[in-house]
Amino acid sequence: VRKMADLKKLMSIKGVFAAGEFNPDGTLVAFEGDITEEEAAMAAAMCAANNAMAKMQTDGYTAFSGQEWTPLLGWALTGPKYSVCVAGNVGVFVKNDEVSFNEVFKALLSA
């Protein structure tokens with residue numbers, strides 16, 4: 001049995017406004033923050049799909065370059081004001097101008 005992520009701890013990071021956990025099939029496990037359950041469920045499905053794509057990319061980059069890209073640890077998608085940061089099956093939405101990405105990924109990788 002895997003442990004649930006501590007979403008409240010992730011929410012305490014400056015700049016984080018939502019946190020969630022999802023299954024590999026994209027179903028929502030839990031969420032906290034300033035988004036609706038419908039938005040969290042949609043984000044869970046998108047994050048699971050991006051996890052699959054990112055894993056394929058890291059495997060391909062490793063095969064192509066001979067450099068060490070695997071295993072996939074996490075990824076981020078960044079827009080002008082907001083980003084989503086994911087490690088494993090846990091992710092957060094952040095405000096770019098308030099967050100430390102290093103702090104976020106350190107917390108996600110230990111979640």
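The buried residues of helix 3 are covered by, among others, helix 1 (7-11), strand 1 (16-22), strand 4 (82-87) and strand 5 (90-95); contact here means heavy atoms within 4.5 Å, and helices (H or I, at least four residues) and strands (E, at least two) are DSSP runs numbered from the N terminus. This is a predicted model, where local features need pLDDT of at least 70 and side-chain atom pairs count only at pLDDT 80 or more, while totals for chains, interfaces and linings use all residues. Residues are numbered from 1 along each chain as its sequence is written, and side-chain values use heavy atoms, with hydrogens and water left out.

Let's look at helix 3 (residues 101-109) itself. Val104, Ala107 and Leu108 are buried there, that is, under 20% relative accessible area, with exposed meaning over 50% and partly exposed in between (1.4 Å probe, protein chains only). They cover an arc of only 100 degrees around the axis, so they sit on the same side of helix 3; the arc is that of the directions from the helix axis to the C-beta atoms. On the face turned away from this buried side you will find the exposed Asn102, Lys106 and Leu109.

Together with Leu7, Leu10, Val92 and Val94, they have the most contacts inside the largest nonpolar core, which has 16 residues. Such a core is a set of buried Ala, Val, Leu, Ile, Met, Phe, Trp, Tyr and Cys residues joined through side-chain atoms within 4.5 Å. Helix 1, strand 1, strand 4, strand 5 and helix 3 each supply at least two of its residues. A second, separate core of eight residues includes Phe22, Ala44, Trp75 and Val84.
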